[in-house]
Amino acid sequence: FRTMASLRTNASSQNIFVVILRFLENFFGSMSTGVGAGFISALLFKYSTLGVENLYNLESCLFVVFPYFSYMLAEGFGLSGIVSILFTGIVMKRYTFSNLSEDSQRFTAALFHLLSSLAETFVFIYMGFDIAMERQSWSHIGFIFF
């Protein structure tokens, strides 16, 4: 968005290359931030003894905090936090999740399943209320039944 907004204010023929370059810079910077945070978390959980010392709650909390750390790091650098979280999640699912203890794996999987179900339910409730409460230009009974 920031890149396209800068294109709108400074329109010239050379800006399309600058926009493409900034997009690639933003994407690959965010991707590398996310992958780096994911690998750091994998190394931390592999070589720490959190599961051995019955610190399952701490282990699960740290597993949830690392994507937020990745988001804040990317935003601090002026990159995309969403892309950074995406790649952190991919790396953590592949490498970090297997380094958790069995109890933490069960709890973390259940926690993320619960959060995803709540988020999905909230989105569909919000969309339903928005469509039902506003007068839409396509609100015709024949169109709805079609």
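In which helix do aspartate 103 and arginine 106 both lie, and how many residues apart are they? Both lie in helix H5 (residues 102-133), three residues apart, which is about one turn of the helix. The structure is a predicted model, in which local features need pLDDT of at least 70 and side-chain atom pairs count only at pLDDT 80 or more, whereas totals for chains, interfaces and linings use all residues. Residues are numbered from 1 along each chain as its sequence is written, and side-chain values use heavy atoms, with hydrogens and water left out.

The protein chain contains six helices and zero strands, in the sequence pattern α-α-α-α-α-α. Helices (H or I, at least four residues) and strands (E, at least two) are DSSP runs numbered from the N terminus. Of the 146 residues in the protein chain, 23% are buried; buried denotes under 20% relative accessible area, exposed over 50%, and partly exposed the range in between (1.4 Å probe, protein chains only). The protein chain exposes about 10,800 Å², of which carbon and sulfur atoms supply 70%. Accessible areas come from the Shrake-Rupley method with a 1.4 Å probe, and for residues only the protein chains shown count as cover. Among contacts (heavy atoms within 4.5 Å) with a separation of 6 or more, 65% involve residues 24 or more positions apart.

The side chains of aspartate 103 and arginine 106 form a salt bridge with an N to O distance of 2.3 Å. The count is one salt bridge under the criterion of a side-chain nitrogen of Lys or Arg within 4 Å of a carboxyl oxygen of Asp or Glu. Aspartate 103 is partly exposed, at 35% relative accessible area, while arginine 106 is exposed, at 53%.

A nonpolar surface patch comprises Ile16, Phe17, Ile20, Phe23, Leu24 and Phe28, with about 630 Å² of accessible area together. Patches consist of residues with over 30% relative accessible area and no salt bridge, like charges being joined within 9 Å and nonpolar side chains (Val, Leu, Ile, Met, Phe, Trp, Tyr) within 5 Å. Isoleucine 20 is located in helix H2 (residues 15-47) and is partly exposed, with 45% relative accessible area.

The unreviewed UniProt entry lists residues 20-45, 65-87 and 107-129 under "transmembrane region"; such annotations may be inferred rather than shown by experiment, and feature names are shortened, with positions given in the numbering used here. Residues 20-45 are 100% helix and 0% strand, with end C-alpha atoms 37 Å apart. Residues 65-87 are 83% helix and 0% strand, with end C-alpha atoms 15 Å apart. Leucine 73, in helix H3 (residues 56-76), is partly exposed at 31%. Leucine 73 and serine 84 are 11 residues apart in sequence and 8.8 Å apart in space, C-alpha to C-alpha.
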